[in-house]
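Dear colleague,

Please find the structure below, handed over for your reference.

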Amino acid sequence: MQTKRNAFMLAGGLMFVALGGCVATMVGEQAANQVAPPQVETFSFDVSTPGASVGTLMVQTRQPSYQLAVEKYAIKIDSHAPLVVSKQSDVKIRLNAGRHALSFYATASDPAESEKVTFGKPYVKDVVIANNEVLKLRFTGPYRLLGSGDVEEIK
């Protein structure tokens, strides 16, 4: 009986120490982000067809403050090659006017592996780009390993 009690106390203590370490890491990273927030990089892409009606898609990519597992984000438009950007970036994309299927996901820094999802699940969204109009979106990366992130329209 005493051995069982000691085993439960040891297991409980180890779980408490592990949980305390996770919480301390999250608090430390949050404090570091507030003191010196990550730099926002700017990217510009043109995937439009010459001579076609063109619109602009502006995307802000943001990462949750404690997410260290992600190296880069990828934006895949229809069947084009993925556009790989930083975790904190402002992206301007010129593309043909019309309906497009967008896919946002975390990926590796290696361009050869840009089709692979490295964290979470892809977030898929259909959008309509009007001629000479700008559509603004904000993508926030996945919070959990099995999550998919979130995309919202910016007014």
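**Findings in the predicted model**

Asp-46 stands opposite Arg-94 in S5. The side chains of these two residues, Arg-94 and Asp-46, also meet in a salt bridge, at 3.6 Å from N to O; the term denotes a side-chain nitrogen of Lys or Arg within 4 Å of a carboxyl oxygen of Asp or Glu. The pair links distant parts of the chain, with Arg-94 in strand S5 (residues 89-96) and Asp-46 in strand S1 (residues 41-46), 48 residues apart. Arg-94 is partly exposed, at a relative accessible area of 37% (buried means under 20% relative accessible area, exposed over 50%, and partly exposed in between, with a 1.4 Å probe and protein chains only).

Before going further, please note that this is a predicted model, in which local features need pLDDT of at least 70 and side-chain atom pairs count only at pLDDT 80 or more, while totals for chains, interfaces and linings use all residues. Residues are numbered from 1 along each chain as its sequence is written, and side-chain values use heavy atoms, with hydrogens and water left out.

**The chain as a whole**

The protein chain holds 1 helix and 9 strands, which are DSSP runs numbered from the N terminus (helices H or I, at least four residues; strands E, at least two). From the N terminus on, the order of elements is α-β-β-β-β-β-β-β-β-β. Of the 155 residues in the protein chain, 33% are buried. Contacts (heavy atoms within 4.5 Å) between residues at least 6 apart in sequence join residues at least 24 apart in 68% of cases. The accessible surface, computed by the Shrake-Rupley method with a 1.4 Å probe, comes to about 9600 Å², and 59% of this surface belongs to carbon and sulfur atoms.

**The sheet**

An open sheet of 5 strands runs in the order S1-S5-S2-S8-S9, with mixed pairing; two strands pair if DSSP finds at least two bridges between them. S1 and strand S9 (150-153) are the edge strands, each pairing on one side only. S1 and S5 pair in the parallel sense over 6 bridges.

**Further salt bridges**

How many salt bridges are there by this rule? The count comes to 5. One of them joins Glu-115 and Lys-76, whose closest N and O atoms are 3.6 Å apart. Glu-115 lies in the loop between strand S6 (98-107) and strand S7 (119-129), and Lys-76 in strand S3 (residues 72-77), so the pair ties together parts that are 39 residues apart in sequence. Glu-115 is partly exposed, at 49%, whereas Lys-76 is buried, at 19%. Another salt bridge is formed by Lys-155 with Glu-153, at 4.0 Å between the closest N and O atoms. Lys-155 is exposed, with 86% relative accessibility, and Glu-153 is partly exposed, with 47%.

**Aromatic pairs**

The structure holds 3 aromatic pairs (rings of Phe, Tyr and Trp, the latter by its six-membered ring, with centres within 6.5 Å; planes under 30 degrees apart count as stacked, over 60 as edge-to-face and the rest as tilted). Phe-43 and Phe-45 form a stacked pair, 6.4 Å centre to centre with 0 degrees between the planes. Phe-45 is partly exposed, at 22% relative accessibility. Tyr-73 and Phe-139 form an edge-to-face pair, 5.1 Å centre to centre with 85 degrees between the planes. Tyr-73 lies in strand S3 and Phe-139 in strand S8 (residues 134-140), so this pair ties together parts that are 66 residues apart in sequence. Both Tyr-73 and Phe-139 are buried. Ring pairs link Tyr-73, Phe-104 and Phe-139 into a cluster.

With kind regards
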